[in-house]
Amino acid sequence: MNNKKTILIIGFALFASFFGAGNLILPPYLGFNSGPDWWLVALGFVTSAAVIPLLALFGHARLQGTMLDFGNKVSPLFSLVYSLCVYIIAITLPIPRTAAVTHEMAIQPFFHTSSLLTSSIYFVVAFVFIMKRDSILSILGKFLTPLIVLILLAIIIIGLFTSPESINNSVLETPALVAGLLEGYQTYDALGGILIGGVVIISLNLEGGISFENKKAIIAKSGLVAATGLFVIYAGMIAVGALHNTEFEASITRPELLSGLSLKTLGNIGNLFLSVLISLACFTTAVSVIVGTADFFKGLFKESQLAYTITAIVSCIMGVFIGQMNVKYIIDVALPALMFIYPITIVLILLNVIPQVYATKLIFKAVVLVTFVFSIPDFLGFLMEADWLQNIKEIIPFAKQNLGWVLPALVTFIVVNLIQKPHKQLGT
């Protein structure tokens with residue numbers, strides 16, 4: 001087995017999976033609003049959209065199990081509920097968003113049809129592929145991803161060297177670093193790291209004859225390949241969005257900005273080509289995630305094909321109705337769910353990466369519980385405006401930046417480790 005070739009193949013596959021065509025609309029718009037602070041925004045964005053997913057893969061390299069293994073030290077019940085939440089979020093938010101992006105980038109500009117028609121056709125065709133599981137999807141993925149990356153690199157390089165001399169100031173309402181970190185939640189890449197890492201483990205196990213340590217090295221190095229690609233594309237698109245922010249109206253939408261940048265740098269043909277490729281890549285991503293979700297529920301019900309079919313039908317029906325909404329609306333609706341699931345996800349990833357002596361079952365339970373409790377104000381803050389809620393957020397450090405869980409989780413981790421230290425030394 002050629003390890004270098006395997007590392008590159010898996011690395012490119014991971015990059016394509018994390019990349020998710022619907023994510024392409026996020027970095028330019030973030031840079032557009034950040035102006036000269038784009039580099040701080042980029043630092044925050046790549047932390048949550050590239051570094052955290054990379055750590056998730058490192059966690060999989062150590063565990064070499066399924067997504068359920070990430071939360072088993074808390075409890076098997078918690079792990080099951082957490083996994084269900086991740087899958088439900090996946091089929092109700094990022095997957096419908098792929099249809100919305102397709103409509104706004106590739107259908108609406110050329111055919112003035114309704115978004116409901118687009119999402120209906122999109123998910124009817126997706127259902128056919130999900131049930132047939134045709135290999136054309138993997139073929140599309142292999143060819144589409146390199147083409148999209150080449151186009152984006154062209155946009156970045158040309159955009160960096162043809163930008164105007166002036167740049168508008170930042171209009172961000174939160175500190176640039178925090179804004180980038182929270183916008184990175186919208187890529188769902190941390191959730192993707194936990195989901196896709198399990199698929200990689202299964203694929204390597206099917207190869208056979210690969211030792212535990214060899215699989216560990218392959219996953220870690222493949223993750224580095226994927227993370228490097230994400231860093232270059234995400235940071236580059238943020239920079240281009242910032243440097244060209246004087247050339248677009250302040251009211252421009254995310255898809256319109258990406259189309260506008262490709263038009264300015266590559267012309268009409270390049271813009272049309274990018275729109276079509278992104279639409280096909282969105283479709284590939286949607287089908288892949290729904291298939292993975294249907295497989296999960298199939299496994300829960302003793303390999304029931306009926307469970308697979310019902311999951312696929314429900315996912316596509318939800319996709320039709322949610323996917324007809326505009327992209328901005330889907331992104332805004334996703335915020336409360338992401339503020340709920342992301343803190344727990346980040347904590348689980350970090351605890352599964354650090355040495356096990358510092359991440360016992362008690363530490364898992366304590367840190368996850370505290371993270372959950374202190375992320376509630378952040379979650380509620382996107383659902384309501386109340387004086388009592390604001391008073392609570394005034395007390396909790398960093399809660400105003402929607403990161404109120406960070407310090408309590410860190411303190412809990414340190415305190416519980418200090419309490420357990422004498423017992424560890426005694427060997428108990």
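How many salt bridges does the count come to under the rule used here? The count comes to four, where a salt bridge is a side-chain nitrogen of Lys or Arg within 4 Å of a carboxyl oxygen of Asp or Glu. The structure is a predicted model, in which local features need pLDDT of at least 70 and side-chain atom pairs count only at pLDDT 80 or more, while totals for chains, interfaces and linings use all residues. Residues are numbered from 1 along each chain as its sequence is written, and side-chain values use heavy atoms, with hydrogens and water left out.

Along its principal axes, the C-alpha trace spans about 70 × 50 × 40 Å. Of the 428 residues, 51% count as buried (buried is under 20% relative accessible area, exposed over 50%, partly exposed in between, with a 1.4 Å probe and protein chains only). Contacts, meaning heavy atoms within 4.5 Å, also reach along the sequence: among those between residues at least 6 apart, 82% join residues at least 24 apart.

The second largest pocket comes next. Its space amounts to about 670 Å³, a volume being the space filled by probe spheres set on grid points that are joined across faces, edges and corners. On a 1 Å grid over the protein atoms alone, a pocket is an open set of points where a 1.4 Å probe fits, with protein on both sides within 12 Å along at least five of seven lines; lining residues have an atom within 4 Å of a point. The lining holds 19 residues, and L172, T174, E183, R254 and L335 lie nearest the centre. Two or more lining residues come from each of helix 2 (26–34), helix 8 (176–185) and helix 13 (327–353), with helix 13 giving the most, five residues. By class, ten lining residues are nonpolar, four polar and five charged; Ala, Val, Leu, Ile, Met, Phe, Trp, Tyr, Cys and Pro count as nonpolar, Asp, Glu, Lys and Arg as charged, and the others, Gly among them, as polar.

E183 and R254 form a salt bridge, their closest N and O atoms 3.7 Å apart. This pair links distant parts of the chain, from helix 8 to helix 11 (residues 254–300), 71 residues apart. Both E183 and R254 are buried.

Within helix 13, K328 and D332 are four residues apart, about one turn of the helix. Their salt bridge has its closest N and O atoms 2.8 Å apart, and D332 is partly exposed at 36% relative accessible area.

A further salt bridge joins D378 and K393 (4.0 Å, N to O), linking helix 14 (residues 361–381) to helix 15 (residues 387–395) across 15 residues. D378 counts as buried because its relative accessibility is 1%, and K393 counts as buried at 8%. Helix 14 also holds S375, which is buried at 1% relative accessibility. Leaving aside neighbours within four places in sequence, S375 is in contact with M339, P343 and W405.
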